[in-house]
Amino acid sequence: MIFNSLAFAIFLPIVLALYYVLPFKGQNRMLLAASLFFYAWWDWRFLGLLALTILIDFYASHAVYRAQTHKRKKQWMLISVISNITVLVIFKYSNFFVQSFSEALSKLGFVVHTPTLTLVLPIGISFYTFMSMAYVIDVYRGELTPTRHLFDFALFVCYFPHLVAGPILRAPQLLPQLTHERRIKLEQIRDGISMIIIGYVRKVVIADIIAPLVSEAFSHMDTMGSGDLILRMYLFAIQLYGDFAGYSDIARGVSKLFGIELNLNFATPYLSQNITEFWRRWHISLSSWLRDYVYIPLGGNRKGKFRTYLNNFLTMLIGGLWHGANWTYVVWGALNGIYLGIHKAYLDITGKPQKQTPELQKWTFITPFKILFTFTLAAFAFIIFRSPNFSSAWMYVTKMLSFQGGITFIGSSVFIIPFVILAFLLDVSQYTRLGEKFVTRAPLWQRAIIFGILFGLVLTAGADNSQPFIYYQF
Amino acid sequence: MRKEIAISLIKYVLLVTITAYTLIVIAVYLIPHLPLSNKRTFHIMLRTQMTFDHEMEVAKGGEARSHLLFLGSSVVERGVSDTFLDTLFNCKHIPYFTTNSAAGGFFSKANLIMFRNLLEHGLKPKRVIYGIFLQELNSRSIVHNNINDKDTSEITFKKKTLWNVLQYGTASLSSMLDAPNFHIYLFAINNAFRDIRDPDFFQRLSFGENMFERDSSYILSPEYLNDLKDIYRLCKERNIPFAFFNAPVRPKVGSIADLPYLHKFEAYHAVEQFALDENIPIWNFDRSGLFDNGEFLDTYHLSSDGAHKMTAMLAEKIATWQNGHIEQDITTPLSDSNRIEIKDSFVRTVFNF
């Protein structure tokens with residue numbers, strides 16, 4: 001089931017109605033049943049895989065917790081990590097690795113006929129395996145006491161708002177909210193609905209309307225001028241952001257209606273002033289997951305400068321591969337690793353500290369240029385992310401940088417301007433917290449008008465257009 | 001507390017939804033000629049709605065004039081000026097008002113759907129004229145706004161009652177949030193490239209550039225021919241006089257990309273044969289010497305001046321037809337002379353002289 005579908009529009013009110021009439025224990029069981037139903041709506045056969053992940057990690061977490069020796073704890077933790085990675089490898093990466101291996105051999109002159117598996121990629125597999133695996137690692141690190149109830153753990157992994165496209169939640173944040181009786185506040189309802197509408201605006205009104213222009217650029221780049229391709233490079237960055245941040249907003253908003261708070265996943269990343277800040281604001285749950293479970297175990301910045309650069313690079317490489325079984329994602333990750341390395345080197349050379357709270361930075365006349373530069377770097381890297389293969393990405397980049405031909409498709413380029421402005425306004429209102437102030441302080445009638453207009457736009461844009469979320473495929 | 005939460009949730013959702021739908025209803029009624037359709041049928045329904053709106057506008061003026069309806073594709077849309085034709089009728093004391101319902105990308109199937117809906121919803125044209133484009137019956141055409149439906153009976157015009165607006169308003173407005181449909185809309189309601197002689201920068205932004213696509217392959221479609229015959233059948237059943245005309249094509253072929261130009265005789269011949277069989281008037285404006293290159297925007301489309309010239313010629317033909325004369329300019333049986341002309345065109349195309 002996807003958030004922008006009629007099925008979900010029917011599903012959510014029913015689940016909410018049941019939730020509000022049931023006692024606490026019943027609420028959790030109903031939420032678990034609803035989450036499984038939500039997942040099964042796509043393909044019920046993959047419930048088995050989900051259940052297997054849950055069972056292995058639930059028992060592994062208890063085994064880790066009960067084990068008397070460190071070695072034993074580590075063994076159980078590794079069992080969990082290996083089982084999760086095996087599931088990921090089989091369902092997501094097996095064909096990619098086999099084909100890459102086969103291609104490498106053929107380039108060396110060996111012709112190998114390798115078998116490939118015909119497997120459907122289970123939706124949300126990268127999200128729930130990472131959550132489940134991190135849970136066991138947290139128990140291993142002594143940062144978490146495992147829950148005694150399988151149902152609670154299952155709900156933690158399967159909770160439908162985050163199940164298929166994140167955010168990737170940590171047990172210390174979510175589990176206590178699931179195991180303790182919740183008291184929903186009126187503010188949560190108000191904020192939740194506002195967040196849901198904003199999320200749909202980002203997805204349906206901005207990302208989905210921009211999507212055809214981007215697809216056109218990547219499929220007919222030979223007919224386009226450099227101006228078109230530059231413009232559409234930025235448009236894809238806006239589309240991807242609208243698509244993914246929109247999903248996260250809807251997930252957080254829906255969860256608020258159940259009185260459960262999910263973490264912020266996107267903090268106006270395109271208003272970042274440098275690439276390091278960008279990665280602190282973009283897909284925060286994945287970035288922090290990679291920091292805690294990849295970068296720090298690799299040694300982080302504790303093993304000298306070279307290792308810090310290398311660890312940073314490797315983490316971004318893994319982050320790229322997490323997105324999909326394609327070398328383009330790996331290269332995208334690597335390019336971002338290089339960006340981060342250059343920025344870190346710049347900070348090291350100039351002795352400038354990287355500010356931890358970027359939103360408190362003062363704006364100067366140069367700030368917009370820094371923001372534009374960072375946005376351009378991110379958008380440029382997304383060309384590789386969007387391209388089906390390297391030759392397509394190369395063709396796009398070379399044609400774009402040939403600076404031949406301006407904007408030939410002027411009409412559609414002008415048409416898209418209001419939607420880009422809307423995306424910008426939403427981010428500015430989030431960045432300056434004006435949106436938050438409006439939602440909390442404005443009288444009901446004013447909110448009804450503003451959110452009524454936005455909801456009207458969503459209904460209109462989504463009436464004859466339904467595109468799946470990009471991050472569902474990851 | 002839970003009850004209070006649930007009531008608060010319902011109240012807020014209702015308030016936002018009511019506001020949203022109120023705005024949607026207002027927008028549907030305020031946007032001129034906006035049809036109740038979806039993105040796929042928008043192109044056809046927009047012209048249907050515009051035809052009804054035009055008739056209503058004339059009726060409001062209290063004038064007792066009969067409706068003359070033009071059907072066809074972009075060559076008719078840009079080649080027949082309805083306002084100019086009305087002026088000519090006025091001078092000749094012919095009691096007609098004209099609606100040019102032809103549209104770029106239309107072909108016989110699209111016209112059939114529109115015409116069927118117009119008749120079913122009460123339009124009573126006094127006469128119908130169909131302009132034939134040389135790609136009219138090309139099943140391989142990429143310039144046709146194909147709707148890919150075998151059964152088109154489901155595509156129906158919906159009147160703008162409040163209930164219909166509530167039901168279909170969002171889908172209808174969604175076309176305004178779709179770049180190609182939005183440009184089709186702007187193009188149609190402004191009669192772009194016909195009434196506007198030299199589009200300025202902002203008009204070009206609104207209407208798009210005159211970058212027509214050329215067809216490179218051609219197969220005559222019996223299905224499209226049947227659709228054309230169905231349009232005639234609908235007229236015959238209602239005793240509505242019907243006529244054809246062949247729209248002109250730029251006399252000199254400019255490039256190899258204009259090769260489908262050579263196929264025109266196949267389509268013309270099929271239509272002419274049908275006109276002969278049914279004794280339907282057919283006026284041929286695709287004759288050498290009638291129009292020169294300067295009167296065209298491109299290979300197929302007349303400029304504003306060219307459109308006025310053809311409109312004046314049409315006024316003469318209609319006046320004769322109204323007096324009961326059936327003119328049939330049959331000039332293109334696939335005779336040897338035509339074959340020579342095709343060969344000659346090909347040679348001129350290849351060697352570009």
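Predicted model: local features only at pLDDT ≥ 70, side-chain atom pairs only at ≥ 80, totals over all residues.
User: What makes H5(B) and H9(B) roughly parallel?

Analyst: Helix H5 (residues 108–120) of chain B packs against helix H9 (residues 222–237) of chain B at an angle of about 25°. Angles under 35 degrees count as roughly parallel, so H5(B) is roughly parallel to H9(B). Their axes lie 8 Å apart, and the crossing of H5(B) past H9(B) is left-handed.

User: Which residues of H5(B) and H9(B) meet?

Analyst: From H5(B) there are Ser108(B), Lys109(B), Asn111(B), Leu112(B), Phe115(B), Arg116(B) and Leu119(B). Facing them in H9(B) are Tyr224(B), Asp227(B), Leu228(B), Asp230(B), Ile231(B) and Leu234(B). By class, that contact has 7 nonpolar, 2 polar and 4 charged residues.

User: Why is strand S3 of chain B described as largely enclosed by the rest of the structure?

Analyst: A residue is buried if 20 or more other C-beta atoms lie within 10 Å of its own. In S3 (residues 127–132) of chain B, 6 of the 6 residues are buried, so the strand is largely enclosed by the rest of the structure. Arg127(B), Ile129(B) and Gly131(B) point one way from S3(B), while Val128(B), Tyr130(B) and Ile132(B) point the other way, and all are buried. For chain B as a whole, 41% of its 353 residues count as buried.

User: How do you know that S3(B) pairs with S1(B) and with S4(B)?

Analyst: Pairing takes at least two bridges between the strands. Strand S1 (residues 66–71) of chain B is joined to S3(B) by 4 bridges, and strand S4 (residues 242–246) of chain B is joined to S3(B) by 5 bridges.

User: How many residues does each chain give to the contact between A and B?

Analyst: Chain A gives 26 residues and chain B gives 26 residues. On the side of chain A that touches chain B, the elements giving two or more residues are helix H9 (186–219), helix H17 (410–415) and helix H20 (444–463) of chain A. H20(A) gives the most, with 11 residues.

User: Which classes make up that side of chain A?

Analyst: The side of chain A that touches chain B divides into 18 nonpolar, 6 polar and 2 charged residues.

Conventions. Residues numbered from 1 in each chain as written. Chains lettered and ligands numbered in written order. Contact = placed C-beta atoms within 7 Å. Nonpolar A, V, L, I, M, F, W, Y, C, P; charged D, E, K, R; others polar. Buried ≥ 20, exposed ≤ 12 C-beta atoms within 10 Å, placed from the backbone. Axes fitted to C-alpha atoms, helices over the stretch in contact; angles between N-to-C directions. Parallel < 35°, antiparallel > 145°, perpendicular 65-115°, else oblique. Left-handed = near helix turned anticlockwise from the far one by under 90°.
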